[in-house]
Amino acid sequence: MIETNDLSKQFNDYWAVDGVTLNVKEGQILALLGQNGAGKTTTIRMITALLSPTRGWARVAGYDVATQGQDLRMSVGVLTEQHGLYMRMTAYEYLDFFGQAYSLSPQVRKQRSDYLLEYFGLQHAAKRRVGEYSKGMKQKLALARALIHEPPVLLLDEPTSAMDPESAQLVRNEIERLRSSKRTIVLCTHNLNEAESLADAVAIIYKGKVLEQGMLTELKDKVLGNPEFEVKFAKPWNGDALKPIDGVDITSRSETSLKVRVKRPQETNPILLSSLTLQGASIMALQESTRTLEQAYLKVMSDAQGGAINAQQI
Amino acid sequence: MLNRSSKIWLIAKRELRDQLRDWRMLTPMLILALGFPFFMNEVSYRTINFINQFGGPPIIVDRLVPASIFIIGFFPVTVALVIALEAFVGEKERGTIEPLLSSPLNSKDLYLGKLLAGASTPILASYLSITVYLILVSRQQLQMPPIGIIAQLFALTTAHGILMISAAIIVSIQSTSIKSANLMASFIVVPVAILMQSEAGMLFWEGDDARTLWFIVIGIFVLSTLLIRLGMAHFHREYLLGREIDELNIRQLSKSFWQAFKGKAISVRNWYSITVRESLQRLRTPLLVTTVLAIAAFAVGYQWTITNVPSMLERASSQNVTNFTELLKKSPDLQTLGRDISVTYLFRHNVRTMVIILILGIVSFSVLGMFIYLINAALIGGVLGVFQIIGLSPLNLFLYGILPHGIFELPALLLASATVLRLGIMLVTPQLGKSMGDIFIELLADWAKVFIGLVVPLLAVAAMVEVYVTPTLLLSILK
């Protein structure tokens, strides 16, 4: 649904985006992560055909960004970094205006506006001017604008920023619902927990280049290594007695626990457990250590910056 | 078409609604549109009483009301200019431009919608203001201007409004902040104010039959159309989003100009054979157009002279004839032309004319530059026509008096004018991936290449021939 190849953008002598290759399938959510100024917004603007690529190409919903900008924009809903609302309009007028821009019929405009305003809890304020809205309400209205024409592709730049926890959850639920309705979503966010809970795939962008990308679990494996498991003992046990097992790397040990990395847990973990039991260990629990997207992100960024980020953070 | 106009109206409607809901915009507009006519009416009334009391010239009394209408129509446009000035840059600064640009509305609809909204408020305010004033005038028993003059004043007000708003929209696209756009407003208001002063002069002296003002109205509409086309040609979504800070980088500009001027050349010879040649190739069509236009202007000048001058001479008084003879006596003697007029003088004069054609061409998208060029061509036709009237052979004059230096001077004039024509056309032609500044630098470099490489040498040779060869040849046929 979204495909880019070597997508690059140069401003004067500066490459804001340099060789970004992405492939987001229908119904998939890609989280585009990176620092401020990494090139996320420029990438989004190229995908929306607002900026023309200096090099490379991109196709969105079957349309080429360089030659079919207008058709492409019909198929894309964009939530921009700034909400970009007209303060002297009412919410209803605002949605109606964009509905007309997307050539929706009056009936559809009314139906969609009513639905979205109600869904985001803005129905009571629909006839108030947007200038009187709180930050969260404005963000919700901006999201409603992006959804007014039910686009197959959504590009969301910081969709939950400035929102209270309840509203943010509402928006996340809406994004989940959109995924289930086979919409393709690119999510730019600094909220890594949000990205982890919503995204199927992740791309980490730094100084215009994609440093790492892939499906969420694959990316974590790739960056953080094999999954780590912790074995907890019911009674103190001398871990030194453990015989080496193929595919098992011990990362730390104590009398009460043992941490190991295993490549293929489904095959190796039963062997590890039986070996420990045979050697007299009294096993209380075996659990996988939590590995977050945040850890992976910080590791990638740390590597890119030559270890500038404190390893303790990772 | 219907869909397109509905999209334009969609943009305009939103803008107009925004304007009407902004009391900071609405209040001064209403005060100006409804209050200023009362002030002007009082001023007119008192001025006329004063003039009548002291026996002033009746022309002032007759023209005071039209002149007041002229001023009343101008003020709302000037004040409302701010609406057009922030049409795009205001949205950019408020962050509302990106959702709008991300919508499928096409660039022309966006541009024309903004233009419509920007122009309609000030023009309607001007109409309202003039109407209020005319009602007040009718109640004061002041002399109401003829309907033709009123129509002319409405047309001029509309023309000024559209001209200023179309220029303001361009400023709005090119600026990166409202502050810089507002600063640029003086470049719109001052020239229009100067234009209005000359129009006021015509209104005053030409009386109820001020036909020239209709030509000015047409001229302003042509210029406005070119400005709108220029704006649309350089309206790119990317340009509105790609630049955050205005930087006037003289070094970068000079570098771009030099690169375009030098091209791929590594020597002067190389420069002529590659760079100048490329520029000449780009000039093929403009050269053809300027040549055809010159021939047409020449023919018109010649025909007009032989048709109208004899009857004008018949009507001329003896005083007119004496004045003309005196004037002829003061003209340089062909035998001593080389001493009276130097090569340097002629050369400088011709170079200056070419530069004036360029400057006028830049400010008017080649229209005024071409006008000067065509006047020159028509004048040559006129001179030949005069020769025909006084019984001398125009062909001989052309062969002996114009052609010797004209072989060099006319191609120089053609080349310089063709580059200016191309400059105007290219400025109002859409070119993807290039900003207006980039295009302007390239076009200026093209002009400089042709001017320095060909026009200047040709003019230098032409000046020498005109001083040392042409007079002798001309004398041989005049004997």
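Visitor: How much area do chain A and chain B bury between them, and what makes it buried area?
Guide: In this predicted model, about 2700 Å² is buried between chain A and chain B, 54% of it on carbon and sulfur atoms. The term applies because this is accessible area that the two parts lose on being put together, summed over both. On the side of chain A, the residues that lose the most area to chain B are A:Leu50, A:Tyr86 and A:Arg88, together 27% of what that side buries.

Visitor: How many residues of each chain are in contact?
Guide: Chain A contributes 30 residues, which are in contact with 26 residues of chain B.

Visitor: Why is the pair A:Glu93 and B:Arg17 called a salt bridge?
Guide: The closest N and O atoms of A:Glu93 and B:Arg17 are 3.8 Å apart. The rule asks for a side-chain nitrogen of Lys or Arg within 4 Å of a carboxyl oxygen of Asp or Glu, so the pair qualifies. Across the interface of chain A and chain B, the rule finds six salt bridges. There are also 12 residue pairs in polar contact between the two chains, both residues at pLDDT 80 or more.

Visitor: Which elements of chain A supply at least two residues each to the side that touches chain B?
Guide: They are β1 (2-11), α2 (69-74) and α3 (91-101). The largest share, six residues, comes from α3(A). The residues of that side of chain A divide into 13 nonpolar, 10 polar and seven charged.

Conventions:
Residues numbered from 1 in each chain as written. Chains lettered and ligands numbered in written order. Predicted model: local features only at pLDDT ≥ 70, side-chain atom pairs only at ≥ 80, totals over all residues. Heavy atoms only, no water. Contact = heavy atoms within 4.5 Å. Buried area = accessible area lost by both parts, 1.4 Å probe. Polar contact = N/O pair within 3.5 Å; in protein donor to acceptor, adjacent residues only side chain to side chain. Helix = DSSP H or I, 4+ residues; strand = E, 2+ residues; numbered from the N terminus. Nonpolar A, V, L, I, M, F, W, Y, C, P; charged D, E, K, R; others polar.
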